[in-house]
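Please work through the exercises below with the sequence and the structure in view. Each task is followed by a solution in steps.

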There are 2 protein chains.
Amino acid sequence: MKLSTRGRYGTRALLDIALHQSERPVLLKEVARRQEISPLYLERLITPLITAGILRSTRGARGGVSLSRPAGEVRLSEILRLLEGSIEPVECVNNPGVCSRSGACVTRDVWGELQKAMDDVLNGITLGDLVERQRVKDQTRHIMYDI
Amino acid sequence: MKLSTRGRYGTRALLDIALHQSERPVLLKEVARRQEISPLYLERLITPLITAGILRSTRGARGGVSLSRPAGEVRLSEILRLLEGSIEPVECVNNPGVCSRSGACVTRDVWGELQKAMDDVLNGITLGDLVERQRVKDQTRHIMYDI
DNA sequence: ACTTTGTTGATTAGATTAGTCGGCAAAGAG
DNA sequence: CTCTTTGCCGACTAATCTAATCAACAAAGT
């Protein structure tokens, strides 16, 4: 029941890109450095996000990547689905055909409730929320250091 | 973000044992047959549950396993913790030391919320609840066939 | 004693994860 | 127009985890 590095790194990378948006695209190399992720591995992770249209990329000098939608319109559930494949705890919940017991199985019902609880959390948080939280957090920590 | 067969088979096996409780212990071989789990693999899965004291085992002829506590006192969260190791989506939530960013990281906060939502579901359901649900479900399905 | 049933440690095939590497493709800079 | 920058893509790999299997042993009834 663990998230892989794909989900963790990818989410952090997207947040980093959202935080550093400006007129110019953000360099993947810089994201990788700031987030301490291997640059080569980061390219890997970013690819499905570009294909899905969450990010837009520009090649060549002064290139990089940028969000193609407002951060407030990108849900965490969507990000994780792209990075991890799916967030279901078991396959039979969304695909009853994989197990002949599905109809009579109460453990399946429970995994369904578990998935719903997870979906509710992840649908309710957008990349924009993360950006805002990060700004608040950085400010609070800054004040703490001042005192 | 998937449960492994350990969590899935193990939960089903425990439910099966709870449903078939009587004066005599339940045979693992029978559990394995009913749940279509390899008998050899099932022994594997059952071991930590015995060590943790959820199940009691009796060896020899007429032996088997039985619940050592009332089913209503066994929470799903406990079962999964024993079978899967833990249900945390990332390690840093419960163990901030593994990452130097923990203090400043808002994605970590989100994974914490995700974990809480999962814990709430799994703490709120006991093996006794599963037994009851299964009985209701079987009855409903039986009536449906009658009509 | 004999049989049944659970216990344990070793072993294994296959899948998944977390990367790395090399070369290609586009696009701005000079 | 060609050079450099930056992303794109397919192949490859080491390490780890999963899902079993097997053989030998350990109790406990019959």
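This is a predicted model: local features need pLDDT of at least 70, side-chain atom pairs count only at pLDDT 80 or more; totals for chains, interfaces and linings use all residues.

**Exercise 1. Describe the extent and composition of the interface between chain B and chain A.**

Step 1. Begin with the contacts: 41 residues of chain B touch 41 residues of chain A.

Step 2. Turn to the area. About 3800 Å² is buried between chain B and chain A, and carbon and sulfur atoms give 62% of this area. B:Met1, B:Arg101 and B:Val106 supply 19% of what chain B buries against chain A, more than any other three residues.

Step 3. Count the polar terms. Between the two chains there are 18 residue pairs in polar contact, and eight salt bridges cross the interface of chain B and chain A.

Step 4. Assign the contacts to helices. Helices H1, H2, H4, H5 and H6 of chain B each supply at least two residues of the side that touches chain A. H5(B) gives the most, with 11 residues.

Step 5. Classify the residues on this side of chain B: 20 are nonpolar, seven polar and 14 charged.

**Exercise 2. Determine what relation superposes chain B on chain A.**

Step 1. A rotation of 180° with 0.0 Å of shift along its axis places chain B on chain A, with an RMSD of 0.0 Å. This is the relation of a two-fold axis.

Step 2. B:Met1 comes closest to the rotation axis of the residues of chain B, its C-alpha lying at 2.4 Å.

Step 3. Compare the surfaces. The copies meet through the same surface, because 100% of the interface residues of chain B are also interface residues in chain A.

**Exercise 3. Characterise the salt bridges A:Glu30 to A:Arg33, A:Glu88 to B:Lys2 and A:Glu113 to B:Arg133.**

Step 1. Over all chains, the structure holds 16 salt bridges.

Step 2. In the pair A:Glu30 and A:Arg33, the N to O distance is 2.7 Å. These residues are three apart in helix H2 of chain A, and therefore separated by about one helical turn. A:Glu30 is partly exposed at 29% relative accessible area, whereas A:Arg33 is exposed at 53%.

Step 3. The side chains of A:Glu88 and B:Lys2 meet at 3.8 Å, N to O. A:Glu88 is buried, with a relative accessible area of 12%, while B:Lys2 is partly exposed at 38%.

Step 4. A:Glu113 and B:Arg133 meet at 2.8 Å, N to O. This pair crosses between chains, from helix H5 of chain A to helix H6 of chain B. Both ends are partly exposed: A:Glu113 at 33% and B:Arg133 at 27%.

**Exercise 4. Describe the surroundings of B:Gln115.**

Step 1. B:Gln115 belongs to helix H5 of chain B.

Step 2. B:Gln115 has a relative accessible area of 10% and is therefore buried.

Step 3. Apart from neighbours within four places in sequence, B:Gln115 is in contact with B:Glu88, B:Pro89, B:Val93 and B:Asn94.

Note on methods: Residues are numbered from 1 along each chain as its sequence is written. Chains are lettered from A and ligands numbered from 1 in the order in which they are written. Side-chain values use heavy atoms; hydrogens and water are left out. Contact means heavy atoms within 4.5 Å. Buried area is the accessible area (1.4 Å probe) that two parts lose on being put together, summed over both. A salt bridge is a side-chain nitrogen of Lys or Arg within 4 Å of a carboxyl oxygen of Asp or Glu. A polar contact is a pair of N or O atoms within 3.5 Å; within protein, one must be able to donate a hydrogen and the other to accept it, and residues adjacent in sequence count only if both atoms are side-chain atoms. Helices (H or I, at least four residues) and strands (E, at least two) are DSSP runs, numbered from the N terminus. Ala, Val, Leu, Ile, Met, Phe, Trp, Tyr, Cys and Pro count as nonpolar, Asp, Glu, Lys and Arg as charged, and the others, Gly among them, as polar. Copies are superposed by least squares on the C-alpha atoms of residues with pLDDT of at least 70 in both. Buried means under 20% relative accessible area, exposed over 50%, partly exposed in between (1.4 Å probe, protein chains only).
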